[in-house]
Amino acid sequence: MKRSLALGLSLTLLAAPVMATGKETLKERQDRLSNQLEQSKKAQVETDAELEVTEAQRDAVSTEIRAVNERLEGLSEQIAVQQVEADAARTELEATRQQLAAQGQYLEGQKALLSERLRVLQIHEDRSYLQVVFESRSFGDFVTRLMTAQTIAEQDRDLIHSYMHEVERLETLETTQRTQLSFVKQKERELVVTKQALDQAATEKHALLSELNEQVELLELEQMTRDEEQALMNEQRRIIASQLDAIATAEREQAEAEARAKQEAEAKAAAEARARAEAAARAEANQETVTPQAPPAAEPEAVTAPVSTFLRPVSGYVSSRFGPRENPLTGAPESHRGIDIVNATGTPIVSAAPGIVIKAAEATGYGNVVFVSHVVSGQVWTTVYGHLDSITVAAGQSIGAGQTVGTLGNTGWSTGPHLHFELHRGEWAPGQPNAVDPGPYIGY
């Protein structure tokens, strides 16, 4: 079906007086496409290699991030443990301080008692136990005084030792707890500093991972775009080869037809000569003069004139013209390789000239798009209809000027319903080097 459609268009071209020019143009276009396809494939190989390296870098960074996150989780647990230990140490220190306060109050009382005892001993330090004994009024009184003096002396010693021991114990305990708390706090600070460094490293790694993800997305987009470019160029090359085959077949059929016509004309001329000779002989014999009749004039061959103008693909107003502009999505400067015509969603879009559909599908950036190849006055042209809401033609289909190819929409990289229309003098190629301003050609 596609071959017959291509053949039909090629036969239309053959009927025009620019057949040879069109054939030469198609061959030149085929050579250019082959070169561009090879360049695109080389670029594809470079993109694939760069994508592989970038993905490897991304995987390595992801592994590092996982390791950092694991360390952060471990540190967080250690910090939590240290915080629990610090809280326990603080609680113990506070309990010790409370004990010290309570013991201090007790010791203050003991200290007052001790002071009183020492004062009494100081007042009576010149009195010996013998004086105490001799002052006894009886033996029982003597024994009682002696035992009382010994008990008081022992209690005084015990009181002093107890006081000093308890003070030393509590001071030692407080010192130990202060040291422990200081150690716990220092360890906690070290863990916090380490965690802060790891947090910073994790932030940097995440930033690097985000950058690598963007690079991977761009390379994957470039890879996808390369695939689409190559598919489009392969389809253009296939259509051109089909056109050239159709032209070759038509030329061969025309040559055979001309040969048959020549043979028939020669046979007819020979027959007419023989008939004239026989008639002359008969006339001479009959003394009659025969007037030969002239052969009938050949009917002129019908010639289809090539298309010389492009139709406007849709009505509406132009929101963005061909040339430099700021990208409406990113705000970055760019070269707009077509014009944008605004109208309502669903408005029919028609082909600007007769041709063959190269591509009718979704494409990166374009959204739903139709590419059509034309031959106008011996020159190859390509038109592009982007951001369509729907497509009504298929790749390989032969279409006429004014035939609907789809409806206006807002698909792909678009900010509102409009038709992005491109016109290329020659084939569509990566980088769109053949794009021309379509405005003057369609009356905008």
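## Salt bridges in the predicted model

Helix α4 (residues 139-286) holds both arginine 238 and glutamate 235, three residues apart, about one turn of the helix. Helices (H or I, at least four residues) and strands (E, at least two) are DSSP runs, numbered from the N terminus. This is a predicted model, where local features need pLDDT of at least 70, side-chain atom pairs count only at pLDDT 80 or more, and totals for chains, interfaces and linings use all residues. Residues are numbered from 1 along each chain as its sequence is written, and side-chain values use heavy atoms, with hydrogens and water left out.

The whole structure contains three salt bridges. The term requires a side-chain nitrogen of Lys or Arg within 4 Å of a carboxyl oxygen of Asp or Glu.

| Pair | N to O distance |
|---|---|
| Arginine 238 and glutamate 235 | 2.8 Å |
| Arginine 325 and glutamate 334 | 2.8 Å |
| Arginine 325 and aspartate 340 | 3.4 Å |

Burial is scored by relative accessible area: buried is under 20%, exposed over 50%, partly exposed in between (1.4 Å probe, protein chains only). Glutamate 235 is buried at 16%.

Arginine 325 takes part in two of the pairs, with glutamate 334 and with aspartate 340. Arginine 325 sits in strand β2 (residues 323-326) and aspartate 340 in strand β4 (residues 339-342), so their bridge ties together parts 15 residues apart in sequence. Shared partners join Arg325, Glu334 and Asp340 into one network. Within it, aspartate 340 is buried at 5%. Arginine 325 is partly exposed at 22%, and glutamate 334 is partly exposed at 26%.
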